[in-house]
Amino acid sequence: MATQTATSIIRVQNVSKVFGSKKKQALAMRRSGRSKAETEEKIKTTVAVMDAEFDVYKGETFVLIGLSGSGKSTLLRCLNGLIKPSEGSVLLENENIGRLDRRRLQQIRRNKIGMVFQNVGLLPNRNVLDNIMFGLEVKGVEKSVREKKAKDALEMVRLNGQAYKRVDELSGGMKQRVGLARALASDQEILLMDEPFSALDPLIRREMQKLFLDIQGEVQKTVIFVTHDLDEALMLGHRAAVMKDGEIVQFGTSEDILGDPANDYVEQLVQGVDYSKIRTAKSAMKPLKAIAYQNESPQVVLRRMKANHLPAIFVMKRDGTLSGLIQLPQVTNLAEKRRQDLSAITPNPCHRVGMETPLREILPLYSDQPVPVAVVDKDHRLKGEITPVSLINSLTKEIQDYERKKSDLTEAVQE
Ligand SMILES: Nc1ncnc2c1ncn2[C@@H]1O[C@H](COP(=O)(O)OP(=O)(O)OP(=O)(O)O)[C@@H](O)[C@H]1O
Ligand SMILES: [Mg+2]
């Protein structure tokens with residue numbers, strides 16, 4: 001994970017960007033506490049970004065979030081040199097982006113740092129494959145290599161059959177996927193994404209977000225993702241910076257931001273969040289009190305279940321992967337028959353979820369039977385369980401914390 005290696009790939013140092021003629025005066029006004037609107041009105045100069053400072057680590061998805069006009073796009077454009085900061089510097093692996101000549105900048109944009117926009121900028125009368133290969137063609141990559149890369153990328157965005165369709169024959173969501181495929185096919189290690197999904201309708205948008213997560217899990221590029229949707233930010237980002245009127249008002253992981261909104265602006269953003277969508281299995285999971293192995297004696301397992309007050313127990317295969325769930329009466333029955341092991345019972349299949357499964361998807365699993373849901377890792381190893389009670393506790397705790405914070409905040413505002 002990015003935070004473990006924590007190699008900084010982009011370093012933003014004290015970056016400010018001012019549009020207008022009275023740059024110094026505008027910055028001085030903002031820094032002395034005047035608002036963005038007031039500064040604009042008085043001296044017709046906009047401080048779009050003020051004193052931004054952060055690192056982006058290799059392989060992470062870093063999100064910039066804020067309302068319209070808060071400076072997200074401006075800051076993003078400073079990262080690849082499309083905009084030069086008025087103050088401060090952006091270091092891309094120790095190269096100061098603002099000081100590079102045009103040729104070097106162009107080289108960097110072709111080879112290292114790509115950008116995906118909201119309306120993707122495809123060539124409408126060329127086919128899908130050509131569009132994806134376009135960037136590679138510009139770079140002079142050999143035809144067979146670029147075809148292979150483009151086809152791989154098409155597969156990633158699940159558009160294999162569409163390679164020879166013209167772009168203007170595709171739906172909005174498909175076009176978006178072509179844009180994503182083009183960015184992924186490129187060798188660029190860093191991707192800047194400016195609200196890439198915001199023009200899509202909610203269902204397709206959700207699909208694209210999932211697809212992005214899947215693909216990002218595989219390619220592990222460094223992504224800086226701009227959005228004004230907090231749900232999207234929390235779902236996609238490892239870390240996020242919340243921007244308001246050009247300033248970064250909070251940094252953190254999704255838990256940091258949801259759990260402790262830095263001020264009422266962040267609170268406003270947080271209010272719209274559906275916790276059951278954001279919180280994942282990991283947060284509601286309990287360690288297992290006991291498990292059983294298929295080759296164990298029913299008497300021993302029965303004793304273990306009784307000692308732990310378990311009406312059912314997870315049974316493991318010899319290789320340590322989960323076989324299923326068996327109920328107390330089944331084990332009692334075998335114990336009475338003095339069987340050697342549990343092999344006479346076929347364990348009941350149980351629901352399994354991954355650590356990152358949203359709680360919202362877990363709730364309906366109890367509708368057929370209220371037995372624990374198994375939480376497994378990528379190798380199907382059992383990591384814990386979620387019972388209806390642990391799930392509800394986890395959700396109510398979140399809601400209570402949230403209500404408490406909200407009332408603290410209301411009091412603070414009233415004082
Ligand atoms: N080229 C420009 N000239 C003058 N002002 C600009 C320019 N670009 C941006 N601004 C101003 O800078 C501020 C930040 O704009 P920016 O586009 O970065 O916001 P944003 O957070 O990306 O908003 P949105 O969510 O609407 O895309 C705004 O007040 C905007 O009007
Ligand atoms: Mg923008």
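This is a tutorial dialogue on reading a predicted model of a protein.

Trainee: What share of the 415 residues is buried?

Mentor: Burial tells you how a chain is divided between inside and outside. In this protein, 48% of the 415 residues are buried.

Trainee: Let's take one helix. Which residues of α6 are buried, and what covers them?

Mentor: With a helix, look at the buried face and then at its cover. Helix α6 spans residues 128–138, and its buried residues are Val 128, Leu 129, Asn 131, Ile 132, Met 133 and Leu 136. Their cover includes α7 (143–156) and α8 (172–185).

Trainee: What should I look for at the ends of α6?

Mentor: Check each end separately. After the helix comes Gly 140, which has a positive phi, near 80 degrees.

Trainee: Now a single residue. Is Asp 55 buried or exposed?

Mentor: Compare the relative accessible area with the cut-off. Asp 55 has a relative accessible area of 19%, and it counts as buried because the limit is under 20%. Asp 55 belongs to strand β2, residues 46–57.

Trainee: Which side chain makes a polar contact with Asp 55?

Mentor: That is the side chain of Ser 8, at 2.7 Å. Leaving out residues up to four places away in sequence, Asp 55 touches Ser 8, Ile 10, Arg 11, Glu 60, Phe 62 and Arg 239.

Trainee: Can we do one more strand residue? What does Met 115 contact beyond its sequence neighbours?

Mentor: Find its strand, then list its partners. Met 115 lies in β6, residues 113–116. Beyond the neighbours within four places in sequence, Met 115 is in contact with Leu 76, Arg 77, Asn 80, Leu 82 and Leu 192.

Trainee: Last, the ligand. How many residues surround ligand 1, and which are the closest?

Mentor: Start with the shell, then go to atoms. Ligand 1 has 14 residues around it, the closest being Lys 36, Ser 68, Lys 72, Ser 73 and Thr 74. By type, the shell divides into three nonpolar, seven polar and four charged residues. At least two shell residues come from each of α3 (36–43), β2 and α4 (72–79), and α4 gives the largest share, three residues.

Trainee: Which polar atoms lie by the oxygen atoms of ligand 1?

Mentor: Among them is a polar side-chain atom of Ser 68, 2.5 Å from a ligand oxygen. A polar backbone atom of Ser 70 is 3.2 Å from an oxygen of ligand 1, and a polar side-chain atom of Glu 195 lies 3.4 Å from one. Taken alone, ligand 1 exposes 630 Å², of which the protein buries 60%.

Terms used: Residues are numbered from 1 along each chain as its sequence is written. Chains are lettered from A and ligands numbered from 1 in the order in which they are written. This is a predicted model: local features need pLDDT of at least 70, side-chain atom pairs count only at pLDDT 80 or more; totals for chains, interfaces and linings use all residues. Side-chain values use heavy atoms; hydrogens and water are left out. Helices (H or I, at least four residues) and strands (E, at least two) are DSSP runs, numbered from the N terminus. Buried means under 20% relative accessible area, exposed over 50%, partly exposed in between (1.4 Å probe, protein chains only). A polar contact is a pair of N or O atoms within 3.5 Å; within protein, one must be able to donate a hydrogen and the other to accept it, and residues adjacent in sequence count only if both atoms are side-chain atoms. Contact means heavy atoms within 4.5 Å. A residue is near a molecule or strand if one of its heavy atoms lies within 4 Å of it. Accessible areas come from the Shrake-Rupley method with a 1.4 Å probe; for residues, only the protein chains shown count as cover. Ala, Val, Leu, Ile, Met, Phe, Trp, Tyr, Cys and Pro count as nonpolar, Asp, Glu, Lys and Arg as charged, and the others, Gly among them, as polar.
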